Amino acid sequence: MGIECSLKLCLALFTINVSTTFGNSQLLWESPYAQPYFDNSTRRDMTITVGQTANLHCKVRNLGDRAVSWIRKHDLHIITIGIMTYTNDQRFQAIHPDGSDEWILKVSSAQPRDSGIYECQVSSEPKLSLPFRLTVVVAKAKILANNELFFKSGSDINLTCVSLQATQPPSYIYWYKDGYLINYSQRGGINVLTERQTRTSTLVISRAVPPDSGNYTCFPSNTNSDSVMVHVIKSEHRAAMQHENNAAHTSNPSRILLLIGLLSTTIYATTRTVGKQIEQLLVCPIVIFACLYSIWR
């Protein structure tokens, strides 16, 4: 009877020992003597636009009593240690949800100067380090045309705008004329076609008239704007402008005769002074011809 009890007691102790060792292997692995390691399932390369918020997630398993720090690589500035922030730039913040393995570096209102490598470091022996890349781009709109455009009265104004370097499609793309929204204008003949996936918007104004002249601006929801100057010109106005340009090149005969007289007098006076009458007389017709040609061309 005593031997049977001893066997049962030994078996029970063995079962408890096995259960503790293998059933709670996580507790053994996470003991203070185990080494910490990074969970590489997080995103380590992030691109955002100016003004957005970046959250760099660093997951450290089996941290124990070690500390996690965020270091800016280009100047080796220590930004955070634990949940404490060591910078005067209040846009940076350390976040550590209770009970989690995450140590988050939050960068609010990101600017292009914030681009670069940030390292998540663990104060172990040897030290552990995991780099994260942050890229902050300036998203902007581009109207696919010259900065100044001319349209004939009665023709259609056709402007296309593209949202460049935006990380996401814009929620909307608005068009303005001289600061006033025209997407929903009551003018009539105005059509706006916006494709969010291709990030393009086309503005068409049918049968343009001179009052349609002005500054046109394309403004996507998530980028800077772009503008062009539009001029709508009547056909007779254009003809008048062409006539003025032609008249500017037309010569006045009396002015030509006066110029010839002045040139002849100058050349004759020069020949008497220098004593090279024959040579200068030969040059005279050539000079006169050159002057007349420059006036008439």
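**Exercises on the disulfides**

The count of disulfides (pairs of cysteine sulfur atoms within 2.5 Å) comes to two. This is a predicted model, in which local features need pLDDT of at least 70 and side-chain atom pairs count only at pLDDT 80 or more, while totals for chains, interfaces and linings use all residues. Residues are numbered from 1 along each chain as its sequence is written, and side-chain values use heavy atoms, with hydrogens and water left out.

**Exercise 1.** Describe the link of Cys 58 and Cys 120.

Solution.
- Step 1: the S to S distance of this disulfide is 2.0 Å.
- Step 2: the angle about the S-S bond is -80 degrees, and the link is left-handed.
- Step 3: Cys 58 belongs to strand β3 (residues 54-61) and Cys 120 to strand β9 (residues 116-122), so the bond ties together parts 62 residues apart in sequence. Strands (E, at least two residues) are DSSP runs, numbered from the N terminus.
- Step 4: Cys 58 has a relative accessible area of 0% and is buried, and Cys 120 is buried with 0%. Buried means under 20% relative accessible area (1.4 Å probe, protein chains only).

**Exercise 2.** Describe the link of Cys 161 and Cys 218.

Solution.
- Step 1: the sulfur atoms are 1.9 Å apart.
- Step 2: the torsion about the S-S bond is about -80 degrees, so this disulfide is left-handed.
- Step 3: strand β13 (residues 157-164) holds Cys 161 and strand β18 (residues 214-220) holds Cys 218, so parts 57 residues apart in sequence are tied together.
- Step 4: Cys 161 is buried at 0% relative accessibility, and Cys 218 is buried with a relative accessible area of 0%.

**Exercise 3.** State which pattern the disulfides of the protein chain follow.

Solution. Count the bonded cysteines along the chain; the pattern is 1-2, 3-4.

Technical notes. Helices (H or I, at least four residues) and strands (E, at least two) are DSSP runs, numbered from the N terminus. Buried means under 20% relative accessible area, exposed over 50%, partly exposed in between (1.4 Å probe, protein chains only).
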